[in-house]
Amino acid sequence: MTKTIDITTTAVLRPEILDRTLTSFFDKLFRPNEYSYRLIINVDPIGDTEFTQEDVLNVAKKYFDNIVYNFPSINNFSKAVKWVWANTSSKYVFHLEDMWIMYPHIDISDLVD
């Protein structure tokens, strides 16, 4: 039986930064063959006005098949954090901000254990 890990993320209108973040974490931490991942993402409407909340979601869809998302009409970081955590259901939760970069390789099984 595959363990599911909820990935909570608060993001803003910076799809290119989210793409770099997710690339680094899938290259160096998340192992899709061993675990299943559900992204719970809140995309606040602030950031680069050339992009939309849907653009950010489309980046997330490149990495996750299972996504729960929220597109609020007003940005509020505190509400975003509350919303993503309120929507978790897995035994394991990993909080990932949209601008983090994973540098060393880490075995996610070590974190789960």
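The structure is a predicted model, in which local features need pLDDT of at least 70 and side-chain atom pairs count only at pLDDT 80 or more, while totals for chains, interfaces and linings use all residues. Residues are numbered from 1 along each chain as its sequence is written, and side-chain values use heavy atoms, with hydrogens and water left out.

Four strands form an open sheet in the order 3-2-1-4, with parallel pairing; strands (E, at least two residues) and helices (H or I, at least four) are DSSP runs, numbered from the N terminus, and two strands pair if DSSP finds at least two bridges between them. At the edges stand strand 3 (66-70) and strand 4 (92-95), each with a single partner strand, so one side of each is left without a neighbour in the sheet. From one strand to the next, the twist averages 20 degrees. Axes here are lines fitted to C-alpha atoms, for helices over the stretch in contact, and angles run from 0 to 180 degrees between N-to-C directions.

Strand 1 pairs with strand 2 in the parallel sense over 10 bridges, and threonine 9 has isoleucine 41 in strand 2 as its bridge partner. With strand 4, strand 1 pairs in the parallel sense over four bridges, and isoleucine 5 stands opposite tyrosine 92 in strand 4. Nine of the 11 residues of strand 1 are buried, so the strand is largely enclosed by the rest of the structure. Buried means under 20% relative accessible area, exposed means over 50%, and partly exposed lies in between (1.4 Å probe, protein chains only).

Helix 2 packs on the sheet, where it touches strand 1, strand 2 and strand 3, and its direction makes about 160 degrees with that of strand 2. Its buried residues are Gln53, Val56, Leu57, Val59 and Ala60. Seen down the axis of helix 2, these residues fall within an arc of 155 degrees, so they line one face of the helix; the arc is that of the directions from the helix axis to the C-beta atoms. They pack against strand 1, helix 1, strand 2 and strand 3.

In helix 1, the buried residues are Pro15, Leu18, Thr21, Leu22, Ser24, Phe25 and Phe26. The elements that cover them include strand 1, strand 2, helix 2 and strand 4. The 14 residues of helix 1 should span 20 Å at 1.5 Å a residue, and its end C-alpha atoms are 20 Å apart, which agrees. The expected span of a helix is 1.5 Å times one less than its number of residues.

These elements meet in the largest nonpolar core, which has 24 residues; Ile5, Ile7, Phe30 and Tyr37 have the most contacts inside it. Two or more residues come from each of strand 1 (3-13), helix 1 (15-28), strand 2 (35-47), helix 2 (53-61) and helix 4 (108-112). Strand 2 gives the most, with five residues. A nonpolar core is a set of buried Ala, Val, Leu, Ile, Met, Phe, Trp, Tyr and Cys residues joined through side-chain atoms within 4.5 Å. Leaving aside neighbours within four places in sequence, isoleucine 7 is in contact (heavy atoms within 4.5 Å) with Phe30, Tyr37, Arg38, Leu39, Ile40, Phe64, Phe94 and Leu96.

Some single residues complete the picture. Serine 109 is found in helix 4 and is buried, with a relative accessible area of 11%. Beyond its neighbours within four places in sequence, serine 109 is in contact with Arg31, Glu34 and Tyr35. Serine 36, in strand 2, is partly exposed at a relative accessible area of 28%. Phenylalanine 71, placed in the loop between strand 3 and helix 3 (77-86), counts as partly exposed at 26% relative accessibility. Threonine 49 lies in the loop between strand 2 and helix 2 and counts as exposed, at 75% relative accessibility.
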